[in-house]
Amino acid sequence: MTDNDHSQHDEPSRSPHDRDPEQPSRGNDTRWRTRPETPADTAAVHAVNAAAFPTDAEAHLVDALRGDPQAWLPGLSCLAEAPDGSVAAYALLTRCLVGGVPALALAPVATAPEHQRRGAGQAVVRAVLDAARLRAEPLVLVLGHPGYYPRFGFVPASRYGIRPGFEVPDEAMMALVLDDSGPVPQGTIQYPVAFGI
């Protein structure tokens, strides 16, 4: 994520790794089948990320994260399928650190243009968060649209004393505590090397 990435978007609080803060159309009752990514999905996932963003940087980011054994966590990359079985949306959680303590970063979230604003993105975000809960992961962070992610329970990360190592509007850096049985880590977020930050 670089300054150039941020300048490609109209809203300064929107992450370049967050495409389509969708509002489902009224009257649309599409049910999205979600599932974990498999090796056979690699090309389709690349294509969805390349189509959803202004450049193919996010698609290459996913490829780089997939090759990083410290960042990539099997089962925490999910997709939503269109009725024809094609990939409609994608969400990825990778390992990051907060003050040296393991956490998860949600990025990218991408919806194919032809499926935007129909609930596919919401379905895949819920699926990947559910997968993280099943793994007993305690914390997820997202840099994204502050009008979109609170519906999943995200709040400003600053409420927990969590901050990114770069300038971003406070309301855009959000945290979701999945397991509150222990203390929430505090400090600076350290992203995987592939993010370039």
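pLDDT is the predictor's confidence in each residue, on a scale from 0 to 100, and contact means heavy atoms within 4.5 Å. The structure is a predicted model, in which local features need pLDDT of at least 70 and side-chain atom pairs count only at pLDDT 80 or more, while totals for chains, interfaces and linings use all residues. Residues are numbered from 1 along each chain as its sequence is written, and side-chain values use heavy atoms, with hydrogens and water left out.

Over residues 20–29 pLDDT stays under 50, and the model has 26 contacts beyond four places in sequence for this segment. Residues 1–16 likewise have pLDDT under 50, with 33 contacts beyond four places in sequence. For the protein chain the average pLDDT is 87, and 85% of the residues score at least 70.

The secondary structure comprises four helices and nine strands. Here helices (H or I, at least four residues) and strands (E, at least two) are DSSP runs, numbered from the N terminus. Along the sequence these elements follow the pattern α-β-α-α-β-β-β-α-β-β-β-β-β. Of the 197 residues, 50% count as buried; buried means under 20% relative accessible area, exposed over 50%, and partly exposed in between (1.4 Å probe, protein chains only). Among contacts with a separation of 6 or more, 70% are between residues 24 or more positions apart. The chain exposes about 9,000 Å², of which carbon and sulfur atoms supply 51%; accessible areas come from the Shrake-Rupley method with a 1.4 Å probe, and for residues only the protein chains shown count as cover.

Eleven of its twelve residues are buried, so β3 is largely enclosed by the rest of the structure. Strands are said to pair if DSSP finds at least two bridges between them. β2 and β3 run antiparallel and are joined by six bridges, with Leu79 opposite Tyr90 in β3. Five residues lie between the strands of this hairpin, and Gly85 takes a positive phi near 90°. β3 also pairs with β4, again in the antiparallel sense, over nine bridges. Within that pairing, Leu93 has Leu106 of β4 as its bridge partner, and Ala91 has Val109 of β4. The hairpin of β3 and β4 has two residues between the strands, and Gly99 in the turn has a positive phi of about 55°. A further antiparallel pairing links β3 to strand β9 (residues 187–190) over two bridges, where Val98 stands opposite Ile189.

Strand β4 is mostly covered, with nine of its eleven residues buried. β4 and strand β5 (residues 139–143) run parallel and are joined by two bridges; Ala105 has Leu141 in β5 as its bridge partner. The chain passes from β4 through helix α4 (residues 120–134) to β5 in a right-handed β-α-β crossover, that is, with the strands pointing away from the viewer, the path from the first strand over the helix to the second runs clockwise.

In α2 (residues 42–52), Val45, Val48, Asn49 and Ala52 are buried. These residues cover an arc of only 95° around the axis, which puts them on the same side of α2; the arc is that of the directions from the helix axis to the C-beta atoms. Their cover includes α3 (57–66), β2 (72–81), β3 (87–98) and β4 (101–111).

Leu176 belongs to strand β8 (residues 173–177) and counts as buried at 6% relative accessibility. Beyond its neighbours within four places in sequence, Leu176 is in contact with Leu129, Arg133, Pro138, Leu139, Val140, Phe152, Gly153 and Phe154. Leu176 and Leu104 are 72 residues apart in sequence and 9.7 Å apart in space, C-alpha to C-alpha.

Most residues other than glycine have a negative phi, and most peptide bonds are trans. A cis peptide bond joins Ala107 and Pro108, with omega about -5°, and Pro108 is placed in strand β4. In the loop between β4 and α4, Arg117 has a positive phi near 65°; at 43% relative accessibility, Arg117 counts as partly exposed. Ala136, in the loop between α4 and β5, has a positive phi of about 60° although it is not a glycine. With a relative accessible area of 53%, Ala136 is exposed.
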